[in-house]
Amino acid sequence: MGERVLFFILAIVAILSAGGVVFSRNPVRSALLLVLNFFTLALIYFTLSAQFIGALQVIVYAGAIMVLFLFVIMLLNLGSPDAVPQERDLKRPLAYLIGFGILATLIAQSLALLIPGVPQASPDAGTARVIGLALFTQWAYPLLLMGVLLTVGVIGSILLARRRAS
Amino acid sequence: MTLADFGWAILRIAIMLGFLLSVLPLVIWLERRALAWFQNRVGPNRLGPFGLLQPMADAAKLFFKEEIVPASADRLIWALAPALSLFPALVAAATIPWGPNRLLTPVADVDIGLLYFLAMSSLAAYGVLLAGWSSNNKYSLLGGLRASAQVISYELGMGLALATAVLASGSFRMTSIVEMQAQPLWGVVPFLHNWLIFTPWGLIGGALFFVCMLAETNRAPFDLPEAESELVAGYQTEYSSMKFAAFFMGEYIAILAICGIMTTCFLGGYLAPINFSPIQTLGEQGGFWGVLATLTGALMPPFWFVLKLFGLFFSFLWIRATLLRLRYDQLMNVGWRFLIPVGLVNLALLTVYVIWGWIPSLIGYAVAIALYFAIFGSRKPERREVILVSEAQPYRPKEA
């Protein structure tokens, strides 16, 4: 019971902050609301006993990536409220289409979960040991491919920075 | 969760916060007196014995100061920033055990203890960054940008350094990390504890963590975000009264928390320097040995923990009084081109130990150190010319 109340509080905060990200006119406030959204998502992971993923969500997304976002916004001085130009082109209807498509898919998927009798995850399903075992045995090849992808990304960014500097 | 569990949890939180907040004036007094001692001055010595009450007087003064809000500040975020810098510092210490009694410490002995600390310390960047931006002041903004760049860079090195403790103990749980260090030294010396700092990987990891620790808490020689000779007071230039005090408290509590992590992961946590466990077995007879067993087993561990904590804090002051502030490019070079590669090699050689034992690992360390000196030993530090500009802006090397 308590868990369900907690979930609804967190879900409401997450939805409100996600809306705020889109509707806020100030880029810095948008970014801050996105941080709040990531943080509530991490808390929802904790209530689902996916503690490892929750901690990584805070470290990687709320901690590192969003600090970088804010850093760039402040460095390029996009902070003033009316600095974002509103372009009228094909991007906008396309964004609506994709966004509502994802929303419809999510609703369709989660409606099935509202039916009682959904299997519960075991309490230690989200520990570092379980996730590590799964990643390095069953999913070892996808993991290695992800590593290659990240390395390519790093090399690409170094190349871009080099070209700009010379 | 029963009512008794709930009560114990509240007690654990109260003890942790009580310790952090009550030791804070002492820490600030120690910093001022120790710095004065290093610099051949007297320091605050008027109020109370040895000037111990000086922080109280400072706090009272800050309470009654006028709070000045900059006219062009972003009011909401400006008010939010001190809270955002104090909150992660206050909760970051929640997984650190300071004694053997699991009912009193740590607040939450979770499976992801070390990751929890990393998560909270990565959130600490927001307070500083937002304070700098929302003040709408050139110096503040530069301070905030410097702080965020610095924290992101050194977080990676810190993660690699802490990974040695995780790999050596096989767990993110803080109490398991301490238990791993309770074993006999190198597995052979029974009367000493196997503190991680006594192993090659622990020594290198601990040294890396110590450097990252100084940078993460924005302390000298990495105190560029508040460099008073160039940025007034950096991100906190526009803050006065209790908001300034909140930044101040956040900084010192973060230092205590990160010293606690270093103590737990590398310096054996609450373990005594000598293994007292024979006394525990003798203590079952009662009488004199019983008293001695209670003393060493239950009462002394928090004392050892606090002693190590304050030793580390004193080393912070020692370094602040000794070293000069780094330049911005030097700071980035140390972080990206020294700490991270060394941390990666250290981690690789630790995995060699975990898989194949200590002989291949020690050979690996010898080869790595020899290679390092063969490649970098003869290289002279490059000289750079610095353009001095009248306006405050980030340092740039001269274009060739």
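Helix axes here are lines fitted to C-alpha atoms over the stretch in contact, and angles run from 0 to 180 degrees between N-to-C directions. Helices (H or I, at least four residues) and strands (E, at least two) are DSSP runs, numbered from the N terminus. On those terms, helix 9 (residues 241–266) and helix 11 (residues 287–322) of chain B pack at about 120 degrees, with axes 9 Å apart.

This is a predicted model: local features need pLDDT of at least 70, side-chain atom pairs count only at pLDDT 80 or more, and totals for chains, interfaces and linings use all residues. Residues are numbered from 1 along each chain as its sequence is written, chains are lettered from A and ligands numbered from 1 in the order in which they are written, and side-chain values use heavy atoms, with hydrogens and water left out.

**Chain A overview**

- Chain A has 6 helices and 0 strands. Its elements run α-α-α-α-α-α from the N terminus on.
- Of its 166 residues, 23% are buried. Buried means under 20% relative accessible area, exposed over 50%, and partly exposed in between (1.4 Å probe, protein chains only).
- Contact means heavy atoms within 4.5 Å. Among contacts in chain A with a separation of 6 or more, 58% join residues 24 or more positions apart.

**Nonpolar core**

- A nonpolar core is a set of buried Ala, Val, Leu, Ile, Met, Phe, Trp, Tyr and Cys residues joined through side-chain atoms within 4.5 Å.
- The largest one holds 114 residues. Those touching the most other members are Leu70(A), Leu114(B), Leu130(B), Leu162(B), Phe209(B), Met213(B) and Ile261(B).
- Helix 4 (residues 113–134) of chain B gives the largest share of this core, 14 residues.
- Beyond four places in sequence, Leu162(B) touches Leu114(B), Leu118(B), Phe209(B), Ile261(B), Cys265(B) and Phe266(B).

**Helix 9 against helix 11, chain B**

- Angles under 35 degrees count as roughly parallel, over 145 as roughly antiparallel, 65 to 115 as roughly perpendicular and the rest as oblique. Helix 9 and helix 11 of chain B are therefore oblique to each other.
- Helix 9 of chain B passes helix 11 of chain B in a right-handed crossing. A crossing is left-handed if the near helix is turned anticlockwise from the far one by less than a right angle, and right-handed if clockwise.
- On helix 9 of chain B, the contact residues include Tyr252(B), Ile255(B) and Cys259(B). Their counterparts on helix 11 of chain B include Phe305(B), Lys308(B) and Phe316(B).
- This contact of helix 9 with helix 11 of chain B has 11 nonpolar, 3 polar and 1 charged residues. Ala, Val, Leu, Ile, Met, Phe, Trp, Tyr, Cys and Pro count as nonpolar, Asp, Glu, Lys and Arg as charged, and the others, Gly among them, as polar.

**Helix 2 of chain A and its partners**

- Helix 2 (residues 27–47) and helix 3 (residues 51–75) of chain A pack at about 175 degrees, with axes 8 Å apart. They are therefore roughly antiparallel.
- The contact of helix 2 with helix 3 of chain A has 20 nonpolar, 3 polar and no charged residues.
- Helix 2 of chain A also meets helix 4 of chain B; the axes come within 13 Å and cross at roughly 165 degrees. This pair is therefore roughly antiparallel too, and the crossing is left-handed.
- Val28(A), Leu32(A), Val35(A) and Phe39(A) meet Leu123(B), Tyr126(B), Leu130(B) and Trp133(B). By class, this contact of helix 2 of chain A with helix 4 of chain B has 8 nonpolar, no polar and no charged residues.

- Lys308(B) lies in helix 11 of chain B. It is buried, with a relative accessible area of 12%. Leaving aside neighbours within four places in sequence, its contacts include Trp195(B), Thr263(B) and Tyr270(B).
- Thr175(B) sits in helix 6 (residues 174–181) of chain B. It is buried, at 3% relative accessibility. Beyond four places in sequence, Thr175(B) touches Pro97(B), Arg102(B), Pro106(B) and Asp109(B).

**Positive phi**

- Most residues other than glycine have a negative phi.
- Asn40(B) has a positive phi of about 60 degrees. It is in the loop between helix 1 (3–38) and helix 2 (54–64) of chain B and is exposed, at 74% relative accessibility.
- Ser241(B) has a positive phi of about 55 degrees. It is in helix 9 of chain B and is buried, at 6% relative accessible area.
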